[in-house]
Structures are given as structure tokens and as C-alpha cells.
Amino acid sequence: MEVQYGVLSLLSVGGFYATLRLVPKVKVLCLKAGLYGRDINKNGSSDIPESLGIVPGIAYLTVVIMFQPFFNTMLGYYNAGVLSICMMLLLGFADDVLDLRWRIKIGLSFLATLPLLVGYSGSTDIMLPDLVGYILGSNIIHLGVLYYIFMSMVSVFCTNSINIYAGVNGLEVVQSVVIAFSVCVYNILEISAGHDFSHSHTLSLFLLLPFATTSCGLLYHNWYPSSVFVGDTYTYFAGMALSVAGILGHFSRTLMLFFIPQLINFLLSLPQLFGLIPCPRHRLPRLNPKTGKLEATPNFTLINFALRILGPTSEHHLVIYLAVFQVLCSVLAFGIRYVVAPIFFIAPVVAKTH
């Protein structure tokens, strides 16, 4: 096992440096191909190359494929997870190039989960709080095919929740990096505590550490002021990588605890997402050219909600505040998982038979 961790660490560091060095080269190609956008939160009007999420995506796939010979346990799950991530990366890049409609993107997101669902053969049971278990006679509920639908919904939520929680330089990547390292720490804690009986946490860690490091390489270029945009290529890739780690690690509910800001943003966005309130293409804050600061707009997003609380704020400070909030939510998630959850989830309650 020590050899596996050593090889994974070396490959992950290599993925970081590969992303760091390749982004400046690929961004030139993106500009030539017409893949660029304008940073409307800046006074300038220069073209910013887009879709650079393809670089850490390819670096990640290279790392996990090179690591495959060193990880023979649960290889079917490993390959299924990698294939779903690869399909979502392709979908994201296709969206950046073709500008797909939302209903098509949602449909293709479900399609990208198929390798994961087909390759999954683990438990389809969920544990309810003990109080509910004593009332019902059992706190173990067998979902069967409904569990596969649940896994698919988790994957689609993760990809799209990161995609809609965006709009300031570096936010898409920094939120993903914080979640990824938080989940890595969670896996390490569970492995160290001897709770990794089926090696599911090891599998999750092996799939997620390369994602975290390659994303750090991209964050260097995407942090304020961004020299590149990550595009839907990265947000879909990131969401699928995180959901695969949670599903194959058998901690989908715990994974959602690390998505607290994304859940808040999703709930705030529901009136616009369902057409109850007009929803513009870009729900970004507004730049005040006189002060150079961002101001809230009527759109229902966590970014605008933060600006209503903070008041006019520079983009640099705003993304720092949002990153700190993501970190604090991860701390809260660990508190809920290790302090609150054991109070309500103690041991399985099996229904009595007569």
C-alpha cells in the first residue's frame, strides 16, 4: 500500500506541473480557434481564452490511467468512474464549442453517468436516523433501482451546481479544490480509523487526489486576475470527479455536506431556474466603472446575496470571501459528520420477524 501511495503522489505532482506548464501553451491555441470570451467584470475588453479546463482534464486522465497497473483492487469500479469522468469532460468541451441548450446538457449529463451506474454492484441500502428506525422497525431501507436513480441525480447535481455557482475569477476552480481536498482528508480519516473495510475510501482517494492537484495547476492561471477561463469543460469535469469519488466511496450523503454553498446557491436559484422569475443568460453582479467594485443585481445567486450583505466589493476580495466561506462550510461538514451524525446514526436496527 505504501508503494501505491508513493506512486500516486508522484503522478499527482506530475499532473500539477503538467497542467501548470501546458495551460499557457494551450491558451494560444484556444485563441486561434476562436475559443475566448470577455471578462465583463473588468473595465478592459481584451479576449480571454476559454475552455482551458480541457488541460487539467487530460492531465488527470493521463495520471489515473498510468496509475491503473498499481491498483488492482476494485478495478471495475475504477474504470467505470474514469470512463464517466472522461465522458463528462467531453460533454463539457462540446458545450463550450457548440453552446448546447440546458435541456440537452441535462440529458447528456445523465448519459455520462451510465458507465458508473452499469459498473456499480455495491449496496443499494440507505441508513435512516435511529429514531426513525425504531418507529419503522428498521433503519435500513432497501432502495433497489431507486438507488441508481439517486446516484445519477447526485452526479447531475454536482456537475451543474458548480456550473451555476460561477461568475467571478477563480470561483469555479477554488470551490472544487476546497471540496476535493476536504473529501481527501475525509477519506484519510476513515482509512486511519480502520473504517475502510471494502477499500472504498482508498478507491475514492486514488481517484480524487490527482483531480485536486491538476486543479491547483489550473487555479494558478484562473485566479484573479484570470488569464484564462475554465469553461463548462472544467465545471462538468470537476462535478463528475467529485460525485464519482463520493458514490464509489459509499458516502454520497456526506459528500453533500461539502456542497453546502452549492446547495444554498441552487436553492436561491430555483425561482429563476424554473422560470418563475426572468432568468438572463448571465446572472453576474454588476461592475460600477466609477468605483471599480462589483454590486449586486436582482438575480438570485449566492454571489449577489453575498454582495447584498457585504456591499460593493472588489472582485478580488469577493472571491477570497467566497473561498473562505467554502472552507468554513467544509469545517462545518466535518463537525456534522463526526459530532452530530453519530448521535442519530448509531447502529443498524433490523426489523423483527415472527
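In this predicted model, Asp99 is found in the loop between α3 (75-98) and α4 (102-112). Its phi is near 55°, a positive value in a residue other than glycine.

**Backbone geometry**

- Asp99 is partly exposed, with a relative accessible area of 45%.
- His250 likewise has a positive phi, near 60°, in a residue other than glycine; the residue is found in the loop between α10 and α11 (252-257).
- The relative accessible area of His250 is 36%, so this residue is partly exposed.
- Tyr224 and Pro225 are joined by a cis peptide bond with omega of about -10°, and Pro225 is placed in the loop between α9 (200-222) and α10 (231-248).

**Aromatic pairs**

- The structure holds 21 aromatic pairs.
- Phe211 and Tyr234 form a stacked pair, because their ring centres are 6.2 Å apart and their planes stand at 15°.
- Phe211 lies in helix α9 and Tyr234 in helix α10, so this pair ties together parts that are 23 residues apart in sequence.
- Phe211 is buried, with a relative accessible area of 0%, and Tyr234 is buried with a relative accessible area of 0%.
- The rings of Phe258 and Phe334 have centres 5.2 Å apart and planes at 70°, so the pair is edge-to-face.
- Distant parts of the chain are linked by this pair: Phe258 is in the loop between α11 and α12 (260-273) and Phe334 is in helix α14 (residues 315-344), 76 residues apart.
- Phe258 is buried at a relative accessible area of 2%, and Phe334 is buried at 19%.
- Tyr5, Phe67, Phe70, Phe71, Tyr78 and Phe206 are linked into a cluster by ring pairs.

**Charge over a ring**

- The charged end of Arg337 sits over the ring of Tyr338, at 5.0 Å from the ring centre.

Key: Residues are numbered from 1 along each chain as its sequence is written. This is a predicted model: local features need pLDDT of at least 70, side-chain atom pairs count only at pLDDT 80 or more; totals for chains, interfaces and linings use all residues. Side-chain values use heavy atoms; hydrogens and water are left out. Helices (H or I, at least four residues) and strands (E, at least two) are DSSP runs, numbered from the N terminus. Buried means under 20% relative accessible area, exposed over 50%, partly exposed in between (1.4 Å probe, protein chains only). Rings of Phe, Tyr and Trp (its six-membered ring) pair if their centres lie within 6.5 Å; planes under 30 degrees apart count as stacked, over 60 as edge-to-face and the rest as tilted. A charge sits over a ring if NZ of Lys or CZ of Arg is within 6 Å of the ring centre and within 35 degrees of the ring normal.
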